[in-house]
Every structure is written in structure tokens, then in C-alpha cells.
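I opened my notebook to get to know a new structure. Here is what I looked up, entry by entry.

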Number of protein chains: 2
Amino acid sequence: MRVSENELLFLTDDGIRQHIELLFFAYKSFTSDPDQILEKNGLGRAHHRALHFINCRPGLTVSELLDVLGITKQSLNRVLRRLIELEYVQSEIGSLDRRERHLSLTEKGSRFEQELSTAQRKRIREAFLKAGPEAVGGFRKVLGHIIDPSLDEMVEKFGTGQKDRG
Amino acid sequence: MRVSENELLFLTDDGIRQHIELLFFAYKSFTSDPDQILEKNGLGRAHHRALHFINCRPGLTVSELLDVLGITKQSLNRVLRRLIELEYVQSEIGSLDRRERHLSLTEKGSRFEQELSTAQRKRIREAFLKAGPEAVGGFRKVLGHIIDPSLDEMVEKFGTGQKDRG
DNA sequence: TCACATATGTCAGCATTATTGACTTTAATC
DNA sequence: GATTAAAGTCAATAATGCTGACATATGTGA
């Protein structure tokens with residue numbers, strides 16, 4: 001298919017619908033690998049997300065974690081209590097502001113997070129290899145534009161400028 | 001960044017991690033538009049998914065819907081009962097096999113599905129417009145490779161061959 | 001026709017993850 | 001000292017998934 005035809009077709013309702021389904025099934029596959037590991041350990045997806053963000057920004061406060069996850073304090077509390085009880089996460093009183101709790105992974109938690117993210121990265125890495133760098137660039141570009149501007153702060157805070165707005 | 005550098009970087013653990021976060025936030029944004037409409041109507045994401053697949057394959061049986069959604073009969077039942085009770089979905093006894101129930105949207109259900117999908121398509125369409133057709137091609141290509149081969153059947157059954165394996 | 005398989009529907013119970021509202025404790029700030 | 005802010009907790013509710021058990025209607029093949 002030539003680009004000129006593509007330009008006509010990729011914005012039709014049906015074209016968009018097909019991409020929506022692809023995204024649905026891809027996201028389902030994307031979460032399935034860590035989900036299996038989590039289940040073995042009696043944890044859920046919520047624990048994974050918390051571990052992920054604590055891992056990539058060690059020392060973040062509970063408030064910051066709430067913001068990035070976009071859930072309520074009460075929802076996070078249950079998850080966090082479990083992670084601390086399992087000694088995956090440690091909570092330290094802030095040195096500047098003693099009201100704050102700074103969260104980080106323990107060595108045990110770090111190992112578990114590695115196990116989870118390795119499984120997830122494997123699928124993505126293999127997809128990227130098959131698709132090639134140019135396709136990955138397009139993938140990133142589209143994702144960046146799908147993201148709501150209200151979440152930009154999170155992406156920039158926790159990522160490192162990969163949200164290409166080309 | 002030149003492609004040669006890109007090729008070195010796009011497969012590193014950190015590069016992959018950034019893309020994983022993009023996918024997380026993008027999926028969150030992607031579901032937020034219909035979620036708001038659903039909430040107003042006292043329904044959830046599960047109802048949306050059911051409406052979506054009934055809409056794009058009218059007359060499908062309960063079994064087929066179960067397969068494509070990947071949930072249990074009991075989980076679907078609650079959702080489907082509600083949709084039928086609201087007169088969004090109608091269930092008709094199969095003419096060839098009277099055990100089967102063939103599902104389709106009523107006019108009311110069709111209008112509601114339109115409302116939901118229009119909101120969702122709007123975000124995707126705008127992202128596609130900003131990203132351009134080449135990026136969309138890459139997006140599709142990567143998604144296709146992320147999808148687990150076990151789900152291919154669903155994609156092919158309900159899509160129309162857009163899963164480009166480049 | 002009888003036995004079995006299949007498609008669907010339903011009941012009860014449970015887990016996870018989200019919500020809201022109300023409240024406490026501790027600490028910082030004005 | 002009063003107010004604000006960060007964190008933690010308790011209770012109730014809801015949506016969505018699960019398993020197990022079972023009922024009903026229908027198709028199929030011995």
C-alpha cells in the first residue's frame with residue numbers, strides 16, 4: 001500500500017477501530033507475563049505498579065506515589081502495607097520534613113521487581129526487535145500523543161524525555 | 001538522534017522501561033474517555049468491552065463472546081444480564097442450533113456504543129493525525145508483535161488483517 | 001430411544017482493586 | 001496556639017474477575 005492510500009485510510013472509523021482492538025489485545029498480553037508471577041506470590045497488578053514506580057524513583061514520598069498511580073490513599077495503603085510486611089519496600093521518615101515517608105525497595109523487593117520487569121521487558125524487547133527501530137519510533141510517537149496532557153507531568157517526572165512529540 | 005544511535009539505545013533495559021511506562025500511561029488515557037461516560041450510566045469497562053465486540057460482530061454467540069473476552073461464563077453473565085435488562089443487547093435463539101443465543105445490539109444499545117466508541121476514537125484519531133501515517137504504521141507493527149500468538153485468532157476473527165507482521 | 005455432550009444460565013462464595021467518608025496522629029508553618 | 005499538611009486507618013460499597021455446583025434445553029450418535 002502506498003503512503004497516499006494509507007493517508008486516506010488510517011483515519012477512518014473502521015481503521016481506528018482496528019487499532020483500538022490491537023491496543024486492547026496488546027495490553028492484555030503485555031500484562032499477562034508479570035501477572036503470572038504475581039499470582040504465584042499472592043500479589044496483584046497493583047503491587048507491581050507500586051514496585052515499578054518505587055524502583056525507578058527510589059525515595060519518593062507516599063504522596064508522589066499516589067499522584068503517579070492516580071489512585072486514592074486508601075487504595076494504596078492496603079497495597080503498600082502488604083509490600084512493607086513482605087519486606088519488599090521500606091519506608092523511611094523524611095529528614096527535612098519528618099511527616100513524609102520516603103519509599104524504597106529492599107534488596108528482596110528489588111530482586112522481585114527485577115523478576116517481574118524482566119518478564120515484561122522480554123516481550124517488549126522481542127516485539128521491538130521484530131518491528132525494527134523505525135517502527136519503535138512510530139510506536140513511541142503515537143503513544144506520546146495518546147497520553148492525556150494531564151498526565152504529562154507524570155511521564156516527564158518518571159521517564160527521561162522519551163515522550164517524543166515530533 | 002541518528003538511527004545508528006537509536007539502534008543501540010532502543011533495546012536497553014532503560015529504553016524498554018521508558019516505553020513500558022508510556023504504554024501504561026497511554027492505556028490509562030485511552031480508557032479514561034469511555035470510562036467517564038460509562039460511570040454516568042452506572043456501567044463499567046466490562047460492559048463496554050461486551051458492547052464493542054457485539055457491535056462489530058452482530059449475531060455472535062455467547063461462547064464466541066466468552067472466547068474473545070477471555071473471561072468466564074459466570075463473569076460475563078452478570079454483565080450480559082445487565083445489558084439485556086437495559087435493552088442494550090438482545091439475545092435470539094439460534095435457528096440452526098436452538099441451544100445457541102445470538103447476540104446483537106438494539107438501536108438503543110447501538111446509540112450508546114456509538115457514544116462510547118466515538119469518544120475513544122477521537123483521542124486515537126487526534127493522536128494519529130499528530131503522529132502521521134508512518135508513525136501509525138510503526139505503532140501497528142509493534143502492537144502486532146506484542147500480542148501473544150495465543151490471541152492471534154481473536155485479532156484475526158474480529159479485526160480485518162491489520163496485524164502487520166512486517 | 002437412551003446416553004452423552006454441548007450451550008447457556010444461575011446460585012453461592014470469595015479475592016482484588018478501586019471508591020467515598022470519617023477520623024487520628026504527627027509534624028510543619030503561620 | 002491555631003491551622004495546614006502528610007500519612008495511616010476503619011468501615012462501607014462497587015465492579016470485575018474467579019471457582020464450584022447445578023439446572024435446563026437441545027443436539028448427536030449408538
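Which polar backbone atom is 3.0 Å from a phosphate oxygen of DNA strand D? I found that the atom belongs to B:Ala46. A reminder to myself before going on: this is a predicted model.

**Entry 1: around DNA strand D**

I looked up who surrounds DNA strand D and got 25 residues, with A:Ser63, A:Lys73, B:Arg49, B:Thr72 and B:Arg78 the closest. Of the atoms of DNA strand D that come within 4 Å of the protein, sugar and phosphate make up 58%. I then went through some single contacts. B:Arg98 has a backbone N or O atom 2.8 Å from a phosphate oxygen of DNA strand D. B:Arg78 reaches a base instead: an N or O atom in the side chain of B:Arg78 is 2.6 Å from a base nitrogen of DNA strand D.

Next I asked which elements give two or more residues to the surface near DNA strand D. I noted helix 4 (62-69) and helix 5 (73-85) from chain A, and helix 3 (45-56) and helix 5 (73-85) from chain B. Sorting the residues of that surface, I listed four nonpolar, ten polar and eleven charged.

**Entry 2: around DNA strand C**

- The side chain of A:Ser75 places an N or O atom 2.8 Å from a phosphate oxygen.
- A polar backbone atom of A:Arg98 is 2.9 Å from a phosphate oxygen.
- A backbone N or O atom of A:Ala46 lies 3.4 Å from a phosphate oxygen.

For the surface near DNA strand C, at least two residues each come from helix 3 (45-56) and helix 5 of chain A and from helix 4 (62-69) and helix 5 of chain B. That surface holds four nonpolar, ten polar and eleven charged residues.

**Entry 3: the strands of each chain**

In what order do the three strands of the open sheet in chain B run? I read the order as 1-3-2, with antiparallel pairing. Strand 1 (60-61) and strand 2 (89-93) of chain B are the edge strands, each pairing on one side only. Strand 1 of chain B meets strand 3 (residues 101-105) of chain B over two bridges, in the antiparallel sense, and B:Thr61 stands opposite B:His102 there. I also saw helix 3 of chain B packing on the sheet, where this helix touches strand 1, strand 2 and strand 3 of chain B. The direction of helix 3 makes about 100° with that of strand 3 of chain B.

A:His102 is the bridge partner of A:Thr61 and of A:Glu92.

**Entry 4: where the chains meet**

How many residues does each chain bring to the contact? I noted 59 from chain B and 60 from chain A. The area buried between the two chains is about 6,700 Å², and carbon and sulfur atoms give 73% of that area. On the chain B side, B:His19, B:Leu22 and B:Phe25 supply 10% of the area that chain B buries against chain A, more than any other three residues.

Definitions and conventions
Residues are numbered from 1 along each chain as its sequence is written. Chains are lettered from A and ligands numbered from 1 in the order in which they are written. This is a predicted model: local features need pLDDT of at least 70, side-chain atom pairs count only at pLDDT 80 or more; totals for chains, interfaces and linings use all residues. Side-chain values use heavy atoms; hydrogens and water are left out. A residue is near a molecule or strand if one of its heavy atoms lies within 4 Å of it. A polar contact is a pair of N or O atoms within 3.5 Å; within protein, one must be able to donate a hydrogen and the other to accept it, and residues adjacent in sequence count only if both atoms are side-chain atoms. Helices (H or I, at least four residues) and strands (E, at least two) are DSSP runs, numbered from the N terminus. Ala, Val, Leu, Ile, Met, Phe, Trp, Tyr, Cys and Pro count as nonpolar, Asp, Glu, Lys and Arg as charged, and the others, Gly among them, as polar. Two strands pair if DSSP finds at least two bridges between them. Contact means heavy atoms within 4.5 Å. Axes are lines fitted to C-alpha atoms, for helices over the stretch in contact, and angles run from 0 to 180 degrees between N-to-C directions. Buried area is the accessible area (1.4 Å probe) that two parts lose on being put together, summed over both.
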